[in-house]
Amino acid sequence: MKTSWGKIFLIVFIITILYIFAITFEFYKTKIVWVDNLQHILAGIAVAMFSILIKRDNNKKINIAIWIIGFVLIITVFWEIMEFLLWKLLPFYAQKFSLFSPTILEAFEDIISNLIGGLIFTILYTNKIKK
C-alpha cells in the first residue's frame, strides 16, 4: 500500500466532514457513537500513513509494525490528554465543539478505535513488503 500526503489529506477531509455532520445533527449528544468510532479509526489510519512517510527505511516487517503501532499509540494518547486538558481548562469550548471524552471509558474507546485503524493499515502495509 503506497502512502502519500494526498491520501492522508483525503482521510483528514473525510474525518472533518464527519465531524461537521455529527456537530450539525448533534450525534455526539445521542447514542449514535459509530460516527465517533469511525472518525477515530480513520484517524488511526491517517496517523499510521504519516508514520510511514516520516520513517522511510527498509526494516523487517516486525520493526515496521512496531514503529507504526507505537507511533499511533503515542499520538492517540497525546490527543486524549489534550482533550482532557481542554475539558478541564476550557470546558465551554470543549462542549461547544465536542472535543472531549466525558468518561475514561470513552477515552479508552477512542484509543482502541485509533489502534484498530493503525492495525488495519499495518496489516495492509506489511503484507505488501517482501521481507
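Modeller: A helix here is a DSSP run of H or I with at least four residues, a strand is a run of E with at least two, and both are numbered from the N terminus. Residues are numbered from 1 along each chain as its sequence is written, and side-chain values use heavy atoms, with hydrogens and water left out. This is a predicted model, in which local features need pLDDT of at least 70 and side-chain atom pairs count only at pLDDT 80 or more, while totals for chains, interfaces and linings use all residues.

Colleague: Which residues does alanine 22 contact, leaving aside its neighbours within four places in sequence?

Modeller: Contact means heavy atoms within 4.5 Å. Alanine 22, a residue of helix α1 (residues 5-24), touches Phe27, Tyr28 and Val35 once those neighbours are left aside, and its relative accessibility of 0% is why it counts as buried. Leucine 53 of helix α2 is likewise buried, at 17%, and beyond four places in sequence it is in contact with Thr3, Ser4, Trp5 and Ile8. Its C-alpha atom is 7.3 Å from that of serine 4, although 49 residues separate leucine 53 and serine 4 in sequence.

Colleague: At what angle do the axes of α2 and α5 cross?

Modeller: Axes are lines fitted to C-alpha atoms, for helices over the stretch in contact, and the angles run from 0 to 180 degrees between N-to-C directions. Under 35 degrees counts as roughly parallel, over 145 as roughly antiparallel, 65 to 115 as roughly perpendicular, and the rest as oblique. The axes of α2 (residues 34-54) and α5 (residues 104-127) come within 7 Å and cross at roughly 45°, so these two helices are oblique to each other. Among the residues making this contact are His40, Ile41 and Met49 of α2 and Ser113, Ile120 and Phe121 of α5.

Colleague: How do α3 and α5 lie relative to each other?

Modeller: Their axes come within 9 Å and cross at roughly 155°, which means that α3 is roughly antiparallel to α5. Ile68, Val72 and Glu80 of α3 are included in the contact, as are Leu115, Leu119 and Tyr125 of α5.

Colleague: What should the span of α3 be, given its number of residues?

Modeller: The expected span is 1.5 Å times one less than the number of residues. Helix α3 (residues 61-89) has 29 residues and should therefore span 42 Å, which agrees with the 42 Å between its end C-alpha atoms. Its buried residues include Ile64, Phe71, Thr76 and Glu83, and α2 and α5 are among the elements that cover the buried residues of α3.

Technical notes
Buried means under 20% relative accessible area, exposed over 50%, partly exposed in between (1.4 Å probe, protein chains only).
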